[in-house]
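Take a look at the structure first, then read on.

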Amino acid sequence: MDTRFQVFKKDMQRDLLIHIVVSLKHGGISHNSAKNLSQKIIEVFKNTKETPVYEAFFEISKKHPEIMDIFIKNANAYEN
């Protein structure tokens, strides 16, 4: 697997974890929603190819639009 892609995945995991914890702390997401989102994210990161990861985040962002912001931030850094 490409080292840059590994860094991208690590950065995404960190930013998504921070987002979930902050959202829980400030009541922006329920415990059950956080759990479901976390499970979806774990499944995404089991992929070793870029395309399935990108497609999965696009699907998750339909229900959680804030995820797209995190994805775009990290994708831009990965592409440069």
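**How H3 meets H4**

The axes of H3 and H4 approach to within 7 Å and cross at roughly 150°; axes are lines fitted to C-alpha atoms, for helices over the stretch in contact, and angles run from 0 to 180 degrees between N-to-C directions. That crossing makes H3 roughly antiparallel to H4 (angles over 145 degrees count as roughly antiparallel, under 35 as roughly parallel, 65 to 115 as roughly perpendicular and the rest as oblique). This is a predicted model, in which local features need pLDDT of at least 70, side-chain atom pairs count only at pLDDT 80 or more, and totals for chains, interfaces and linings use all residues. Residues are numbered from 1 along each chain as its sequence is written, and side-chain values use heavy atoms, with hydrogens and water left out.

**The contact of H3 with H4**

- Contact means heavy atoms within 4.5 Å, and helices are DSSP runs (H or I, at least four residues) numbered from the N terminus.
- From H3, the contact residues include Tyr54, Phe57 and Phe58, and from H4 they include Ile67, Met68 and Phe71.
- The residues of this contact divide into 9 nonpolar, 1 polar and 3 charged (Ala, Val, Leu, Ile, Met, Phe, Trp, Tyr, Cys and Pro count as nonpolar, Asp, Glu, Lys and Arg as charged, and the others, Gly among them, as polar).

**Helix H2**

- Helix H2 covers residues 31-44, and its 14 residues should span 20 Å at 1.5 Å a residue, which agrees with the 20 Å between its end C-alpha atoms (the expected span is 1.5 Å times one less than the number of residues).
- Ala34, Leu37, Ile41 and Val44 of H2 are buried (under 20% relative accessible area, with exposed over 50% and partly exposed in between, using a 1.4 Å probe and protein chains only).
- Helix H1 (3-25), helix H3 (50-63) and helix H4 (65-79) are among what covers the buried residues of H2.

**Helix H1 and His19**

- H1 has 23 residues and reaches 33 Å from its first C-alpha to its last.
- Its buried residues include Phe5, Phe8, Met12 and Leu16, and what covers the buried residues of H1 includes H2, H3 and H4.
- His19 lies in helix H1 and counts as buried because its relative accessibility is 18%.
- Leaving out residues up to four places away in sequence, His19 touches Glu66, Ile67 and Ile70.
- After H1 comes Gly27, whose phi is positive, near 75°.

How values were computed
Helix = DSSP H or I, 4+ residues; strand = E, 2+ residues; numbered from the N terminus.
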